[in-house]
Amino acid sequence: MPGALEEMLAYRAEAMLDACTRCGKCFEVCPITVPADLSGADPRETIAGVLDIVRNGQGPQASEKWANSCVLSGECLKACDYGVNPRFLLALARGSLARAKNTPDQRRRQGVEGFRIIARDVMALSRMQLSDAELSRLGQDPLAEIEETEPPEVVFYTGCNVLKTPHIALLALDILDAIGVTHRVMGGPTHCCGVGQMRAGDLDSSGRFGESTMDKLAKSKSGTVLAWCPTCNVQFNDFMLPAVERVRGARPFAMLPFLLFLRSNVDRLRPLLCAPLPMRIALHRHTGEPGVMEAAAEIVSCVPGIELVDLGQPSPGLMSNYLRALPAYKRELQLNELRAAEAANIDALVTVYHADHRELCAHERDWPFRIVNALEIVGESMGLRHDDSHKRLKLKQDVDAILADCAELSDHHGLDPAASRRAVEAMLNDQPLPLGSHRSSSPR
């Protein structure tokens, strides 16, 4: 979609720029203004500055800081009374700042380098954990032929990074099988949503990646795509699908979060939750995707024996990794939640998204509760299980020990040793709050 994405963004931006009254309500409800040291900024002036950035790539310092600190909490969407999507405008502002800062060649190189790192880590870590059959089931066999006598009910779109924690995606597929939903699986770096290129300000490459993936997803003609990754869901629903609709006149499919789909089929799921699990659990929450945390809570609460505890902790952002611009705040949030979980005497802290699971799972070593994914709770009650090999490996906290553990699969898949080492190093570095932080009075 060379040029079409930029054209669509400009078209939507103009409509929103005209509709925005600069009332500042979006800024007032944003949960990041205090952690980003913006509490003294004027709401009206700050949103007006964001609009200036969207127009010409420059604006007041407070507006630039707000745009770059956005964690996609979605609170701004609820506050606007005029049909404006402030989250969309903040994304455009970030892109505009990136384009003003770098030449087109620099933006393209940044986008390419970011994509290569993700592809390297996803390929290495997934193949260090999975057999050929499991990789094929997750859509990672490029030579596999798809035979469809009729369209499946849904396409399950993994995105890229959930393949680093493949037990989550495998459990999702097991659950779809169990409730009788036919599906086709697509994902991985060959089905990139284009978000990395957009973040770098390279709209042309982002459009190409996104359009290519949309065409692949649309081939099944099911009309419904279930997204596991909230990043992919936002990228397609906020940017790519509206661009296609403007160019082609219609969207090729509807995309919705997996857990919302599962909640809509809870009557098919509930009879399969047979094994009681007498556990006190708490959800690690991020509320950027409307309804997803509520869906997760409803689904795990259907499991016999589960007692769901509210830890009363803040839940800003789309996922934990969206707090990257505020690292000290993220460490504080995670430490406070772990302490609250210990005080509540829970049996398990339950993640919903894969990025949160990667960042939190190794803390199981230091705290008196398990850290598991919501689908593990559901799967265990259904008699479904996949080993959380990502957590098992990360708990080793030693690159050489992890590589030795995975040597057989690495050799079988012909992985490059240097690339595997870098991927494992990145996995261990994906630890915003250092292990053992409970021993100190504040996050380090």
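1. Over which residues does pLDDT stay under 50, and how many contacts beyond four places in sequence does the model have for them? The stretch is residues 440–444, for which there are 13 such contacts, a contact being heavy atoms within 4.5 Å. Here pLDDT is the predictor's confidence in each residue, from 0 to 100. Where pLDDT is low, the predicted coordinates should not be read in detail.

2. This is a predicted model, in which local features need pLDDT of at least 70 and side-chain atom pairs count only at pLDDT 80 or more, while totals for chains, interfaces and linings use all residues. Residues are numbered from 1 along each chain as its sequence is written, and side-chain values use heavy atoms, with hydrogens and water left out. The mean pLDDT of the protein is 93, with 96% of its residues at 70 or more.

3. Helix α12 (residues 230–248) meets helix α11 (residues 203–218), their axes coming within 11 Å and crossing at roughly 80 degrees; axes are lines fitted to C-alpha atoms, for helices over the stretch in contact, and angles run from 0 to 180 degrees between N-to-C directions. The two helices are therefore roughly perpendicular, the term for angles of 65 to 115 degrees. Residues of α11 including Met 214 and Leu 217 meet residues of α12, among them Phe 236 and Val 244. By class, this contact has six nonpolar, five polar and three charged residues, where Ala, Val, Leu, Ile, Met, Phe, Trp, Tyr, Cys and Pro count as nonpolar, Asp, Glu, Lys and Arg as charged, and the others, Gly among them, as polar.

4. Helix α1 (residues 4–19) also packs against α12, with axes that come within 9 Å and cross at roughly 95 degrees, which makes this pair roughly perpendicular. Among the residues in contact are Leu 5, Met 8 and Tyr 11 of α1, and Phe 239, Met 240 and Val 247 of α12. This contact divides into 10 nonpolar, no polar and four charged residues.

5. Ser 69, in helix α4 (residues 61–69), counts as buried because its relative accessibility is 6%; buried means under 20% relative accessible area, exposed over 50%, and partly exposed in between, for a 1.4 Å probe and protein chains only. The side chain of Ser 69 reaches the backbone oxygen of Lys 65 at 2.8 Å. Leaving aside neighbours within four places in sequence, Ser 69 is in contact with Ile 32, Ala 36, Ala 325 and Leu 326.

Terms used. Helices (H or I, at least four residues) and strands (E, at least two) are DSSP runs, numbered from the N terminus. Angles under 35 degrees count as roughly parallel, over 145 as roughly antiparallel, 65 to 115 as roughly perpendicular and the rest as oblique. A polar contact is a pair of N or O atoms within 3.5 Å; within protein, one must be able to donate a hydrogen and the other to accept it, and residues adjacent in sequence count only if both atoms are side-chain atoms.
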